[in-house]
Amino acid sequence: MAEIELKTAPADFRFPTTNQTRHCFTRYVEFHRCLAAKGDGSAECERFAKYYRSLCPGEWPLHEPGLCIHASEV
Amino acid sequence: MFNNVRRISLFDEKSLNSTSSDTASMWNDFPSVPSDLPPLPADSVPSVPSLPSIASDVEVEQPAPSNYNYETHGIDEDHPGLNPDSERIVELQSDIHDKLGELMTNKSDQDVLSAAEALHGESNNIPFLEHLLDDLNKNGIEGEAYKDALDLSNRLGILPDKAALCDAAEPWQLGFQDAASPMMQGIIDLHHDIFFFLILILVFVSRILVRALWHFHYQKNPIPQRIVHGTTIEILRTIFPSIIPMFIAIPSFALLYSMDEVVVDPAITIKAIGHQWYRTYEYSDYNSSDEQSLTFDSYTIPEDDLELGQSRLLEVDNRVVVPAKTHLRIIVTPADVPHSWAVPSLGVKCDAVPGRLNQISISVQREGVYYGQCSEICGTNHAFTPIVVEAVPSKDYGSRVSNQLIPQTTGEA
């Protein structure tokens, strides 16, 4: 069984406090901005994708159609 | 009253009162049922001096104990109350205890006794006990019997080399649970610091109060003192109480600000999502696309389904598995109403507020299972949503998570 490498969204100094809601939102927006800039399926954007998936709960409706477009325009 | 007591009970009491070494020498002195053993006069019994002789009507000369050389013959017709089988059983149990004592070299006497008791289980079956003793003698540490002894004593909760740790609420508990994270250890240390000043002030104020009540009783002292000034004492009683909070504040602020510092990037992010009335845990660091990450629900085990040894209202079906000695980030949020994620052993209590992600950084310093309960009223089953964190060694963490990952993704996908 290969060791799972333990890696997650790093501690962001822009969000030093307990409330990380903006952190999740910012990572999500960064991901979509990256996609808008570099095109869909780009590997560099995968990093941001991992970050926002680590932070944001799966139940949050982040994959609503249309939401991504608005996020990348933020 | 003790005249008719069987010999067996004499030996039982002595073996309870003595350590294993005493027991061994005792058995050398007084082996099992002899047909012509003279009863012991009271003054020759070393460790239980108050026991009188077994049969007072038998006159006997008492040779030195080391000269006794008896064999097991059968029913002792002179002393019909004696039972050679029971003698043999106790002898075997005691030998097993001694042998375990020799093999378990780094355990305390109490642990050896408990392990021995677990192994022979106070059994009356002579062949079983003889088999155990043979196994211990022949195979020692490698044998089945020794392994069983360790296994049973571990299962009974006797930690071989350390005291039992308190990681869950105990009935009538007065102090904190044992710390498993640096934060909790800091909280406990701060508590000790403050408690010292607390007791100091309590004793001092109580003494002044009692003294005033005692000496100014209206009957004993109808005219109270009329002192209204006292510059020295007024200065002292202003300065000292302002110094004491400084002594309290220094460790308090140190701990407070150190809790807020995030100096190390966490290795894992776990999301603890509160629902009415269960918890969902998400380990999302490993999914490669937007499909569902490792997610599982954690329901409390109802009282009827508890197994022996489990705690009521504290056990869950799926525990949060975390690697020990690793920096974790726990994101606490609810799905419906406010909850609170609390684990006292880790020094964590974090409110889950709808629409908000609260982050806590913890590092569990030792392996173990830590229990906590929901700490914000969330409805009718608020008392029935516990939290169980299981810290495993880092090298086992991968296999534990992937074991949960495989059935989960096939279930969810």
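Student: How much area do chain A and chain B bury between them?

Tutor: Keep in mind that this is a predicted model. The size of an interface is often given as the accessible area lost when the parts come together. Here chain A and chain B bury about 2,500 Å² between them, with 52% of it on carbon and sulfur atoms.

Student: And how many residues of each chain are in contact?

Tutor: On chain A there are 29, and they touch 35 residues of chain B.

Student: Which helix supplies the largest share of the side of chain A that touches chain B?

Tutor: That's helix 2 of chain A, with six residues. Helix 1 (21–38) and helix 2 (44–55) of chain A each give at least two residues to that side. Sorted by class, the side of chain A that touches chain B has twelve nonpolar, ten polar and seven charged residues.

Student: Now the inside. Which residues touch the most other members of the largest nonpolar core?

Tutor: Look for Tyr283(B), Trp341(B) and Leu346(B), in a core of 33 residues. Strand 10 (residues 386–392) of chain B supplies the largest share of this core, four residues. Setting aside neighbours within four places in sequence, the contacts of Tyr283(B) include Ile270(B), Phe296(B) and Val401(B). There's also a second, separate core of 18 residues, with Leu103(B) and Tyr146(B) among them.

Conventions:
Residues numbered from 1 in each chain as written. Chains lettered and ligands numbered in written order. Predicted model: local features only at pLDDT ≥ 70, side-chain atom pairs only at ≥ 80, totals over all residues. Heavy atoms only, no water. Contact = heavy atoms within 4.5 Å. Buried area = accessible area lost by both parts, 1.4 Å probe. Nonpolar A, V, L, I, M, F, W, Y, C, P; charged D, E, K, R; others polar. Core = buried A, V, L, I, M, F, W, Y, C linked by side-chain atoms within 4.5 Å. Buried < 20%, exposed > 50% of the residue type's maximum accessible area, 1.4 Å probe, protein only.
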